[in-house]
Amino acid sequence: LFGANLRAIASRAGRLMPAFALGCLGTVLGTLAGWAALRGPLASAFGADALKVVAALAAKNIGGGLNFVAVAGAALGLVLEG
């Protein structure tokens with residue numbers, strides 16, 4: 001990704017990019033609203049990692065399953081069991 005030509009990607013994506021950006025914005029706003037509404041139950045269920053879990057699930061909704069694993073495992077330090 002660091003070597004990607006972002007200008008070429010943006011020009012080839014056409015109308016898909018605004019739709020993706022709108023979907024990302026909706027996911028972020030929904031995540032913030034869900035966190036505000038369910039902070040207490042999430043904190044009691046996940047403890048200090050509640051916000052990390054919420055962030056990982058938001059990343060999954062934006063970038064898919066591999067993004068979830070990357071964010072939950074590497075960036076947030078969560079241990080995935082199962």
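The structure is a predicted model, in which local features need pLDDT of at least 70 and side-chain atom pairs count only at pLDDT 80 or more, while totals for chains, interfaces and linings use all residues. Residues are numbered from 1 along each chain as its sequence is written, and side-chain values use heavy atoms, with hydrogens and water left out.

Helix α3 covers residues 50-63, 14 residues in total, and reaches 20 Å from its first C-alpha to its last. This span is close to the 20 Å expected at 1.5 Å a residue, where the expected value is 1.5 Å times one less than the number of residues. The buried residues of α3 are Ala50, Val53, Val54, Ala56, Ala58 and Ala59. Buried means under 20% relative accessible area, exposed over 50%, and partly exposed in between (1.4 Å probe, protein chains only).

A search of the whole structure finds 1 salt bridge, defined as a side-chain nitrogen of Lys or Arg within 4 Å of a carboxyl oxygen of Asp or Glu. Aspartate 49 pairs in this way with lysine 52, and the closest N and O atoms are 3.8 Å apart. Aspartate 49 is partly exposed at 32% relative accessibility, as is lysine 52 at 33%.

Just after helix α1, glycine 14 takes a positive phi of about 60°. Leucine 22 is found in helix α2 (residues 16-46) and is exposed, with 60% relative accessibility.

Note on methods
Helices (H or I, at least four residues) and strands (E, at least two) are DSSP runs, numbered from the N terminus.
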